[in-house]
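Please load the model in your viewer and keep the selection panel at hand. The stops below go from the whole chain to single side chains.

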Amino acid sequence: MEKMGIFDKAKELGERVNESVSAFSSDEVIANTVIKAVEKQEKVNAILKARGCNYRVADIDLGMGIPPTVTFGVRRVDEPAEKEPAENGAMTSPVPEESAL
């Protein structure tokens, strides 16, 4: 009798997993997940920019597994100060400041 209870519990758990996967794969849930992930990306990028960091969240991957996952890819951005045009139109690099070490 006890074994039957274990099989019933396993079946019930399997049904719950199927329901979770079906619920996550609905168009509305996926759209909401994308919106939330992009909002997070924009907030993090604003913080990174404000802190003078040369990296930004550039990629977002959504995994429809159990549990669902959101993965952010980070990329280095160009530094505008390194590509300032000179008066004659040539590209120059800024002169490094002396360090106070």
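What share of the contacts in the protein chain with a separation of 6 or more do residues 24 or more positions apart account for? They account for 21% of them, a contact being heavy atoms within 4.5 Å.

This is a predicted model, in which local features need pLDDT of at least 70 and side-chain atom pairs count only at pLDDT 80 or more, while totals for chains, interfaces and linings use all residues. Residues are numbered from 1 along each chain as its sequence is written, and side-chain values use heavy atoms, with hydrogens and water left out.

Colour the chain by pLDDT, the predictor's confidence in each residue from 0 to 100: the mean is 76, and 66% of the residues reach 70 or more. Select residues 91-101 next, where the pLDDT is below 50 and the model has ten contacts beyond near neighbours in sequence. Where pLDDT is low, the predicted coordinates should not be read in detail.

Now go to threonine 33, which is found in helix α2 (residues 27-50), helices being DSSP runs of H or I with at least four residues, and strands runs of E with at least two, numbered from the N terminus. Threonine 33 is buried at a relative accessible area of 19%, because buried means under 20%, exposed over 50% and partly exposed in between (1.4 Å probe, protein chains only). A polar atom of its side chain lies 2.8 Å from the backbone oxygen of valine 29.

Finally, select valine 70 in strand β2 (residues 69-76), which counts as partly exposed at 39% relative accessibility.

Technical notes. Polar contact = N/O pair within 3.5 Å; in protein donor to acceptor, adjacent residues only side chain to side chain.
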